[in-house]
Every structure is written in structure tokens, then in C-alpha cells.
Amino acid sequence: MQTPDLDRLSDEVKNSLLGHLAFRGESVGDILIACVKGYDTFTAWTSRRVYFPATYDGDVWVTSVPRDPCDWAMEPVGG
């Protein structure tokens with residue numbers, strides 16, 4: 001397992017990720033692998049979900065989708 005380098009993310013994105021993980025009943029310790037390019041670009045995988053940034057009009061937040069195929073339809077992200 002790879003420990004994510006969350007310090008490379010902006011505080012806004014890092015806090016949004018931590019909040020979304022908690023909302024989904026997960027924590028940083030549940031992240032199996034993360035690809036962090038910096039500031040606001042990342043993808044993180046847990047055993048249950050895939051987390052990634054979304055943006056609209058300059059606002060950035062974190063959203064996620066189930067990791068495994070399911071019958072859940074994703075709403076449009078951003079604008």
C-alpha cells in the first residue's frame with residue numbers, strides 16, 4: 001500500500017477530501033493508493049470508493065463514486 005502525500009494538496013482540497021472520507025465512513029488510513037499531482041489534482045482509491053476533485057466556477061471540492069460496478073448513476077460533476 002502507498003501512503004498518500006496529502007501535503008501536496010491545497011488545504012481546501014485536503015480538507016474536502018478528509019470531510020468526504022468521513023462522510024462515507026472512511027479515513028486516510030483506508031486509502032489503498034493515491035496518485036497526487038499537486039495542489040488540486042489527485043485520485044485516491046479505498047476498498048469501497050474512488051475519490052477525485054470536482055470544480056465549478058473556481059470552487060473545488062471532492063466527490064467519489066463506488067469502486068465496484070453498481071446500478072448507481074453519477075450526476076454531472078462541475079459545470
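Let me begin with Tyr-51, which touches Leu-17, His-20, Leu-21, Arg-24, Glu-26, Phe-42, Thr-43, Ala-44, Thr-46, Val-62, Thr-63 and Ser-64, leaving out residues up to four places away in sequence. Contact here means heavy atoms within 4.5 Å.

A word on the source of these values. This is a predicted model, in which local features need pLDDT of at least 70 and side-chain atom pairs count only at pLDDT 80 or more, while totals for chains, interfaces and linings use all residues. Residues are numbered from 1 along each chain as its sequence is written, and side-chain values use heavy atoms, with hydrogens and water left out.

I turn now to the overall architecture. The protein has one helix and four strands, and from the N terminus on these run α-β-β-β-β. Helices (H or I, at least four residues) and strands (E, at least two) are DSSP runs, numbered from the N terminus. The C-alpha atoms fill a box of roughly 35 × 35 × 20 Å along the principal axes. The radius of gyration of the protein is 12 Å, which agrees with the value near 12 Å for a compact globule of 79 residues. That radius is taken over C-alpha atoms, and the globule rule is 2.2 Å times the number of residues to the power 0.38. Of the contacts with a separation of 6 or more, 33% are between residues 24 or more positions apart.

Next, the interior. Of the 79 residues, 33% count as buried. Buried means under 20% relative accessible area, exposed means over 50%, and partly exposed lies in between (1.4 Å probe, protein chains only). In soluble globular proteins, nonpolar side chains tend to be buried together. In this model the largest nonpolar core has 13 residues, of which Leu-9, Val-13, Leu-17, Phe-42, Ala-44, Tyr-51 and Val-62 touch the most other members. Helix H1 (11–23), strand E1 (33–38), strand E2 (41–45) and strand E4 (59–66) are the elements that give two or more residues to this core. H1 supplies its largest share, three residues. By a nonpolar core I mean a set of buried Ala, Val, Leu, Ile, Met, Phe, Trp, Tyr and Cys residues joined through side-chain atoms within 4.5 Å.

Which residues does Thr-63 contact, leaving aside its neighbours within four places in sequence? They are His-20, Val-50, Tyr-51, Phe-52, Ala-54, Met-74 and Val-77. Thr-63 is found in strand E4, and it counts as buried because its relative accessible area is 13%.

Asn-15, in helix H1, is exposed, with a relative accessible area of 51%. Asn-15 and Val-62 are 47 residues apart in sequence and 9.1 Å apart in space, C-alpha to C-alpha.

Tyr-39 has a positive phi of about 30° although it is not a glycine. It is placed in the loop between E1 and E2 and counts as exposed, at 59% relative accessibility. Asp-57, also a residue other than glycine, has a positive phi near 50°. Asp-57 lies in the loop between strand E3 (49–56) and E4, and at 69% relative accessibility it counts as exposed.

Finally, the surface. The protein exposes about 5,100 Å², of which carbon and sulfur atoms supply 51%. Accessible areas come from the Shrake-Rupley method with a 1.4 Å probe; for residues, only the protein chains shown count as cover.
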